[in-house]
Amino acid sequence: MQTYAWVALGGAIGSMARFWMANVVAVLTGPAFPWGTLGINIIGSFVIGLVASLTGPDGSYDVPSDARIFLMVGICGGFTTFSSFSLQTLVLLQAGEFLRAGGYILGSVALCLIFVWVGYVLGITR
């Protein structure tokens with residue numbers, strides 16, 4: 001039961017961080033493109049890759065499994081927003097913004113894969 005509490009606490013922290021960052025970025029960039037969600041997914045992908053490599057079986061740090069779950073499932077799970085990504089893509093498509101939707105899909109998938117790899121590589125090189 002304690003593990004579930006760590007996931008819930010991490011999820012709450014990640015969700016609040018996502019809400020804050022999405023709003024700040026929307027104020028700075030406007031509503032035409034979901035830059036906040038894209039940035040959140042890139043950052044979350046980087047962090048989960050870094051934590052996975054640093055704390056995994058071959059990682060530099062031996063941490064309790066609850067700490068790893070708190071970070072990866074709780075915080076990163078609450079912070080990243082692929083359900084929001086899917087809805088925002090649908091809205092762009094429904095609005096006839098096919099080029100923006102395609103750019104958003106390509107940018108989200110490619111950049112998040114790149115940054116999860118960068119995070120992982122940085123973690124294993126420590």
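A polar contact is a pair of N or O atoms within 3.5 Å; within protein, one of the two must be able to donate a hydrogen and the other to accept it. In the predicted model, the side chains of Gln 88 and Thr 37 make such a contact, at 3.1 Å. The side chain of Gln 88 also makes a polar contact with the side chain of Tyr 104, at 2.9 Å. Gln 88 belongs to helix H4, which covers residues 82-94. With residues up to four places away in sequence not counted, Gln 88 touches Pro 34, Thr 37 and Tyr 104. The relative accessibility of Gln 88 is 25%, so this residue counts as partly exposed. Between Gln 88 and Ala 12 the C-alpha to C-alpha distance is 22 Å, and the two are 76 residues apart in sequence.

Asp 66 is part of helix H3 (residues 65-79). This residue is buried and has no salt bridge. Its nearest side chain of opposite charge is that of Arg 68, 11 Å away. The side chain of Asp 66 is, however, joined to that of Thr 3 by a polar contact of 2.7 Å. Apart from neighbours within four places in sequence, the residues in contact with Asp 66 are Gln 2, Thr 3 and Trp 6.

Trp 6 is also one of the residues of a nonpolar patch on the surface, together with Leu 9, Ile 13 and Met 16. The accessible area of these four residues together is about 380 Å². Ile 13 lies in helix H1, residues 2-29. Its relative accessible area is 36%, and Ile 13 is therefore partly exposed.

Methods. Residues numbered from 1 in each chain as written. Predicted model: local features only at pLDDT ≥ 70, side-chain atom pairs only at ≥ 80, totals over all residues. Heavy atoms only, no water. Patch = residues over 30% accessible without salt bridge, like charges linked within 9 Å, V, L, I, M, F, W, Y side chains within 5 Å. Areas by Shrake-Rupley, 256 points an atom, 1.4 Å probe, with all protein chains shown as cover. Helix = DSSP H or I, 4+ residues; strand = E, 2+ residues; numbered from the N terminus. Buried < 20%, exposed > 50% of the residue type's maximum accessible area, 1.4 Å probe, protein only. Lys, Arg positive; Asp, Glu negative; His and termini not counted. Contact = heavy atoms within 4.5 Å.
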